[in-house]
Amino acid sequence: MSRQPLFITLLALCLGILLQDKIGFYIWFGLLVFTVSTLIILISFIFKNAFLIKFRCVFLLLSFFGFGCLIHYFNVFDYQKLSLNGKHETLFQIEKKLNSNEKYSKYQVKIFKIDNRNSSISIILQIPNNASELDFKHVYKSNLYYSELRSPRYDFQFDYPKYLERQKVSGLAFANENILQASKKRVSFADEIKQKRLSVLQRINSSQLNSRHEEFLKGIILADRTGMDEVTVSDFNKSGLVHLLAISGSHMLIIFWLILLISKTIFPVKWRKVAICIALVAIWCFAIFIDYGSSVVRSCLMISFYYMTKLLNRPPNLIHSMALSAFVILIWDSQQIFDVGFQLSYVAVFGIYWLNQPIIKCFPERNNVIYKFFLAIFSLSLSAQLATLPLVLYYFHQYSLVSIIANLCIIPFSEIIIIFSLLMVVLFAFNIEFSWLDFIYDWFVNYLLKAIHWFADFDVLFFKNIGFNLVEVAAVFMILYYLRFVLVKRNLKYFINFGFSVLLFLGIRFGFNFYHFQKDEILEIASFKRKTVLIKEKSQVFVITKDDADISKIEKFIIDPYLASSRATKYQLIKVPKNNVGITYRGKFYKLND
């Protein structure tokens, strides 16, 4: 507690948020825990009681636990769920442009009126791709078709209504009719910035760049993967390089260091703090321009707190910077703790803090700049990947062993990739385009995507449908905890602890695998206007559906998640003629029409 007070109190705050979400305490519980604990801490400073001083740390943790319960209670309290079906006349404006699919463009919109009734909720609106694009300078009116969303019946299915609730989005609607528009009486500064970003995206779309490379440019700098093809996304996922497509900490650090380098060349050494301030202001301006993406805000906060300690002439501390940024984000929006990106970001940073230096010390020291550069990249990548591995397996049920090599080969060029892409976006923002520069960028990105595709083609090193639960996640984190001591101290005590944690994980995994292997079940799942029947017998699954069903969607949204959940090793697809109403299995009839 004395060494990392911010980190420990952050864990107490997170525990309060998680338990409040899971159990749903009444407001008086969080208020009582927070108030009583805080009062006891204040009394301990006034009366200097030995007992109170001894347990002051405990009451401090309880205080932050109660505070976590309170902030999450109020965060959930103001959420308004929309229960509408059918057609309703709606007045709205867009808040965000979201990633599209093959049929619809998606927007997050704010509703002003529904059937002449005032409203102030946000919904996801889908419009056909052939319709005119919406912008931030107009308000819109149309008959929207609302669809009430229901949570799935089974745990292995993605809970889309719960996901929208976490984003404070109240519902889903479709626009299949004409959308009327009117210019806003006053366009806010925030909407002006959003419109500017949209204009830059449109200029990139109309550029001379290859269409595939346009999407790469929009994704790597402007956090817009709207039109990126599935092959490219799959390549990045399978090669373990998907973080290049998300505006992550590495992007913001590179941009920060670039601006800091330029500022240092302009200002004398005695004004170095001014250079840091300029770089910090610049990355926050960039964050505003790309519409406050969650990963961008996280990165900006961590960088800001880290370099603020330098401005105050204090030794920088990575864990303190991480904890402070997490405090700000969770107090502002406690639902962020359930965001997978939030969890992966902070676990990756902690992994770098915990394992980076121990991994480096395992290699011989050499006074060679190139050797140190590649060793630093290897250790940073490996420590971050090891730390995030349990969460990746738990949420995505897949992993590629080639990702370590791919990161080692591609990451050294990430600075060139990001700086070059940033330059292209800046030029497009000022409506400047050079055909020779487009040619160079096309050539560069073409070979980059080919290299990533080459890594992704190692299917033998790509594993999917890996069953993993929270107990196994905790066991792997225990292994990683003891791994540091094995690498640093290398004595018998820590080798025994590390070996015990590995055996514990193997025992837990064997137990869950055996349990699922013995379990037989039959599930009926209504999806895509059809019913799919899953029959599990030991380690095999029989999937029964109609022959006119979209098999690719069924595999992606039903079969693969179920295989990971049930830990089955193989499945057999059985197609029934579309004229058949259903199928009989072991004397029971299963209907296949929804």
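Colleague: In this predicted model, which residues of H9 meet Ser414, Glu415, Ile418, Ile419 and Leu422 in H16?
Modeller: The contact of H9 with H16 has 6 nonpolar, 2 polar and 1 charged residues by class. On the H16 side the residues are Ser414, Glu415, Ile418, Ile419 and Leu422, and those they meet in H9 are His251, Ile254, Ile255 and Leu258.

Colleague: What span is expected for helix H12 at 1.5 Å a residue?
Modeller: Helix H12 covers residues 318-332, which is 15 residues, and it reaches 21 Å from its first C-alpha to its last. The expected span is 1.5 Å times one less than the number of residues, and for H12 the reach is close to that expected value of 21 Å.

Colleague: Which helices do the buried residues of H12 pack against?
Modeller: The buried residues of H12 are Ile319, Ser321, Met322, Ala323, Ser325, Ala326, Phe327, Ile329 and Leu330. The helices that these buried residues pack against are H1 (5-23), H4 (56-77), H11 (294-311) and H13 (340-361).

Colleague: Is Lys238 buried or exposed?
Modeller: Lys238 has its place in helix H8, residues 230-238, and, leaving aside neighbours within four places in sequence, it is in contact with Ser400, Val402, Ala456, Asp459 and Phe462. Because its relative accessibility is 19% and the cut-off is under 20%, Lys238 counts as buried.

Colleague: Which backbone oxygen does the side chain of His88 reach at 3.0 Å?
Modeller: His88 lies in strand E1, residues 86-98, and at 14% relative accessibility it counts as buried. Leaving aside neighbours within four places in sequence, its contacts are Ile114, Asp115, Ser142, Asn143, Leu144 and Tyr146. The backbone oxygen that the side chain of His88 reaches at 3.0 Å belongs to Asn85.

Colleague: What is the separation of the C-alpha atoms of Val502 and Leu480?
Modeller: Val502 has its place in helix H19, residues 492-518, and it is partly exposed, with a relative accessible area of 26%. Val502 and Leu480 are 22 residues apart along the chain, and their C-alpha atoms are separated by 9.7 Å.

Colleague: Near what value is the phi of Arg490?
Modeller: Most residues other than glycine have a negative phi. Arg490 is found in the loop between helix H18 (470-488) and H19, and at 48% relative accessibility it counts as partly exposed. Its phi is positive, although the residue is other than glycine, and is near 55°.

Colleague: Is Arg567 buried or exposed?
Modeller: Arg567 is found in the loop between helix H20 (551-566) and strand E13 (570-576), and its phi is near 60°, a positive value in a residue other than glycine. Because its relative accessibility is 14%, Arg567 counts as buried.

Terms used: Residues numbered from 1 in each chain as written. Predicted model: local features only at pLDDT ≥ 70, side-chain atom pairs only at ≥ 80, totals over all residues. Heavy atoms only, no water. Contact = heavy atoms within 4.5 Å. Helix = DSSP H or I, 4+ residues; strand = E, 2+ residues; numbered from the N terminus. Nonpolar A, V, L, I, M, F, W, Y, C, P; charged D, E, K, R; others polar. Buried < 20%, exposed > 50% of the residue type's maximum accessible area, 1.4 Å probe, protein only. Polar contact = N/O pair within 3.5 Å; in protein donor to acceptor, adjacent residues only side chain to side chain.
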